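Morning, everyone. One structure today, and I'll keep it quick. Please have a look at it first.

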Amino acid sequence: MAVTVAVSSSQVMEMKNIYCCKEHVEYGLEEVINESEVPPKLEEVKEQLPTVTCEYCGQLAEYIVSN
Ligand SMILES: [Zn+2]
């Protein structure tokens, strides 16, 4: 009986950055956890960055959640 071996493609570490405001930091954290199942990194948006907005409400983003 032939056995089909599923060859899993090498795990691709997709970098994900979610910009969010104070109010939606938890949304971003949850999204990263759900998708990558690793503890997310939380960084403050540096002043040098161009203006970025929250992905959830469009306000000025204050944090970057990444994996
Ligand atoms: Zn927001």
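Predicted model: local features only at pLDDT ≥ 70, side-chain atom pairs only at ≥ 80, totals over all residues.

Residues are numbered from 1 along each chain as its sequence is written.

Elements next. Helices (H or I, at least four residues) and strands (E, at least two) are DSSP runs, numbered from the N terminus. Strands pair if DSSP finds at least two bridges between them.

Now the sheet. It is open, has three strands, and runs β1-β3-β2 with antiparallel pairing. On average, neighbouring strands are turned by 25° against each other, direction ignored.

Take the pairings in turn. β2 and β3 are antiparallel over four bridges. β1 and β3 are antiparallel too, over four bridges. There, Cys20 stands opposite Tyr63 of β3.

On to the helix. α1 lies across β1 and β3, at about 165° to β1. Axes here are lines fitted to C-alpha atoms, for helices over the stretch in contact, and angles run from 0 to 180 degrees between N-to-C directions. Contact means C-beta atoms, placed from the backbone, within 7 Å.

What is in the largest nonpolar core? It has 10 residues: Ile18, Tyr19, Cys20, Cys21, Val25, Val32, Cys54, Ala61, Ile64 and Val65. Two or more residues each come from β1 (17-20), α1 (25-36) and β3 (63-66). β1 gives the largest share, three residues. By nonpolar core I mean buried Ala, Val, Leu, Ile, Met, Phe, Trp, Tyr and Cys residues joined through C-beta atoms within 7 Å. Buried is 20 or more other C-beta atoms within 10 Å of a residue's own, exposed is 12 or fewer, and partly exposed is in between, with C-beta atoms placed from the backbone.

Stay with Cys54. Beyond its neighbours within four places in sequence, Cys54 contacts Tyr19, Cys20, Cys21, His24, Gln59 and Ala61.

Last stop, Glu37. This residue sits in the loop between α1 and β2. Buried or exposed? Glu37 is exposed, with 8 other C-beta atoms within 10 Å.

Key: Contact = placed C-beta atoms within 7 Å.
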